[in-house]
Amino acid sequence: MRRLPTILLLSVALLASGCRREERSYDTSRAESAAEVIVALAPISPGGSSPQTAANPKGQEYEHNAYAMSQGKRLFQWYNCSGCHGNGGGGSGPALIDDKWIYGSGIDNIVATIREGRPNGMPSFRGRIPDDQIWQIAAYVRSMGRFVPKDAAPSRNDGMQSRPAENRLPPLEPRPVGVPQ
């Protein structure tokens, strides 16, 4: 009878160790980000066939990681991306929450747009924003367009919650069972 809780506890620990939803990477190498030369091409072109898109496997690491998207959300506000993109709804920059993407909606395309800039408004952030932060912002932008899995999505802003977060509520005094409030 005592083996059942132990087996159950071990199986839960094994399942939890396989979860990559909250995996965090704290070490970023500047040389590694400067050496990256993969260029993502948008599948938009005149003529019969579209160009080949070079997909970077690094994108899936960020798109399936809730922590990376939450960091991207924070950086989106810190770097004032909302100043042009209006919290994703558009403004002087294009909307990010719809299905109309000029340069492609893939994470590689979004990273290339942030890193290299685009004509008529989008500045280049190469050398100004570290590469891992560009990938985090791109993952968050993809989440705004609902292109990422639902189980790996950034959390809502505190102002949008119906009540304060659990860690911000005042502590309750324990009361005996059966005593009315």
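Predicted model: local features only at pLDDT ≥ 70, side-chain atom pairs only at ≥ 80, totals over all residues.
Leaving aside its neighbours within four places in sequence, which residues is Gln136 in contact with?

**Stop 1: Gln136**

Gln136 belongs to helix H7. With the neighbours within four places in sequence set aside, its contacts are Tyr62, Ala68, Gln71, Gly72 and Leu75. Gln136 has a relative accessible area of 11%, and because buried means under 20%, this residue counts as buried.

**Stop 2: helix H4**

Next, select residues 66-78, which form helix H4. This helix has 13 residues. From the first C-alpha of H4 to the last, the reach is 18 Å, close to the 18 Å expected at 1.5 Å a residue.

Now colour the buried residues of H4: Ala66, Tyr67, Ala68, Met69, Gln71, Gly72, Lys73, Leu75 and Phe76. What covers them? Among the covering elements are helix H3 (58-63), helix H5 (82-85) and H7.

Just after H4 comes Asn80, which takes a positive phi of about 55 degrees.

**Stop 3: the largest nonpolar core**

In soluble globular proteins, nonpolar side chains tend to be buried together. Here the largest nonpolar core holds 23 residues. Select Phe76, Ile107 and Val141, the members that touch the most other members. Helix H4 (66-78), helix H6 (107-116) and helix H7 (131-144) each supply at least two residues of this core. Which helix gives the most to this core? It is H7, with eight residues.

Keep Val141 selected and display what surrounds it. Apart from its neighbours within four places in sequence, Val141 is in contact with Phe76, Leu96, Trp101 and Ile110.

**Stop 4: the salt bridges**

Side chains of opposite charge can pair when their charged atoms come close. How many salt bridges does the count come to? The count comes to three, and each can be visited in turn.

Begin with Glu63 and Arg142, whose side chains meet in a salt bridge at 2.3 Å, N to O. This pair links distant parts of the chain, since Glu63 is in helix H3 and Arg142 in helix H7, 79 residues apart. Are these two residues buried or exposed? Glu63 counts as buried because its relative accessibility is 10%, and Arg142 counts as buried at 11%.

Then select Asp131 and Arg115, which form a salt bridge with the closest N and O atoms 2.6 Å apart. Here too the pair links distant parts of the chain: Asp131 is in helix H7 and Arg115 in helix H6, 16 residues apart. Asp131 is buried, with a relative accessible area of 5%, and Arg115 is buried with 6%.

Finish with Arg126 and Glu116, whose side chains meet in a salt bridge at 2.2 Å, N to O. Arg126 lies in the loop between H6 and H7 and Glu116 in helix H6, so this pair ties together parts that are 10 residues apart in sequence. Arg126 is partly exposed, with a relative accessible area of 43%, and Glu116 counts as partly exposed at 42% relative accessibility.

Notes. Residues numbered from 1 in each chain as written. Heavy atoms only, no water. Core = buried A, V, L, I, M, F, W, Y, C linked by side-chain atoms within 4.5 Å. Buried < 20%, exposed > 50% of the residue type's maximum accessible area, 1.4 Å probe, protein only. Helix = DSSP H or I, 4+ residues; strand = E, 2+ residues; numbered from the N terminus. Contact = heavy atoms within 4.5 Å. Expected span 1.5 Å × (residues − 1). Salt bridge = Lys/Arg side-chain N within 4 Å of Asp/Glu carboxyl O.
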